[in-house]
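Please read them with the coordinates open.

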Amino acid sequence: TFAGQLGSAPALFVTPLASPSILGLVAFAGAAAIFGPRGAHCYGISQSPLIFWPFILTLGIVQVLTALWAFRARDNLATVFHGVWGAFFIAYACLNLFF
């Protein structure tokens, strides 16, 4: 059969349905909004790291999951950036938790 005949055309599946970077950028903005002013000592008390680490950890995990989703979508640049920032925020949260 010829590819041009009706019923023999290859199926096309488009994945993912949305860009993974949308979720990753929102997670980055949330983590940066917490990390930035705290790192600059603009607000907070001495117990602030104990309050903020769950939020930064959660947003870092979302970044890593976004990197995996971007890898599946074959978006190499988004995979690298979201993976690196996700790892950074997870490490920062763990440092505030354990040290």
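1. What does the accessible surface of the protein chain come to, and what share belongs to carbon and sulfur atoms? The surface is about 6900 Å², and carbon and sulfur atoms account for 75% of that area. The model is predicted, and the points below should be read with that in mind.

2. On overall makeup, the protein chain has three helices and zero strands, in the order α-α-α along the sequence. Of its 99 residues, 24% are buried. Contacts between residues at least 6 apart in sequence include 62% that join residues at least 24 apart.

3. The largest nonpolar core consists of six residues, namely A31, I34, F52, I56, F89 and A93. Each of α1 (20–39), α2 (48–72) and α3 (76–98) supplies at least two residues of this core.

4. Within that core, F89 deserves a separate look. With neighbours within four places in sequence left aside, F89 is in contact with F28, A31, A32, F35, I56 and G60. Two of these partners, A31 and I56, are listed in the core alongside F89.

5. Helix α2 has 25 residues. From its first C-alpha to its last, α2 reaches 37 Å, close to the 36 Å expected at 1.5 Å a residue. After α2 comes R74, which has a positive phi, near 65°.

6. The buried residues of α2 are S48, P49, F52, I56, G60, Q63, T66, A67 and A70. Their cover includes α1 and α3. Among these buried positions, F52 and I56 also belong to the largest nonpolar core, and G60 is one of the contacts of F89.

7. T79 is a residue of helix α3. Is T79 buried or exposed? Its relative accessible area is 19%, and the cut-off for buried is under 20%, so T79 counts as buried.

8. The side chain of T79 reaches the backbone oxygen of D75 at 2.8 Å. Leaving aside neighbours within four places in sequence, T79 is in contact with A67, A70 and F71.

Conventions: Residues numbered from 1 in each chain as written. Predicted model: local features only at pLDDT ≥ 70, side-chain atom pairs only at ≥ 80, totals over all residues. Heavy atoms only, no water. Core = buried A, V, L, I, M, F, W, Y, C linked by side-chain atoms within 4.5 Å. Buried < 20%, exposed > 50% of the residue type's maximum accessible area, 1.4 Å probe, protein only. Helix = DSSP H or I, 4+ residues; strand = E, 2+ residues; numbered from the N terminus. Contact = heavy atoms within 4.5 Å. Polar contact = N/O pair within 3.5 Å; in protein donor to acceptor, adjacent residues only side chain to side chain. Areas by Shrake-Rupley, 256 points an atom, 1.4 Å probe, with all protein chains shown as cover. Expected span 1.5 Å × (residues − 1).
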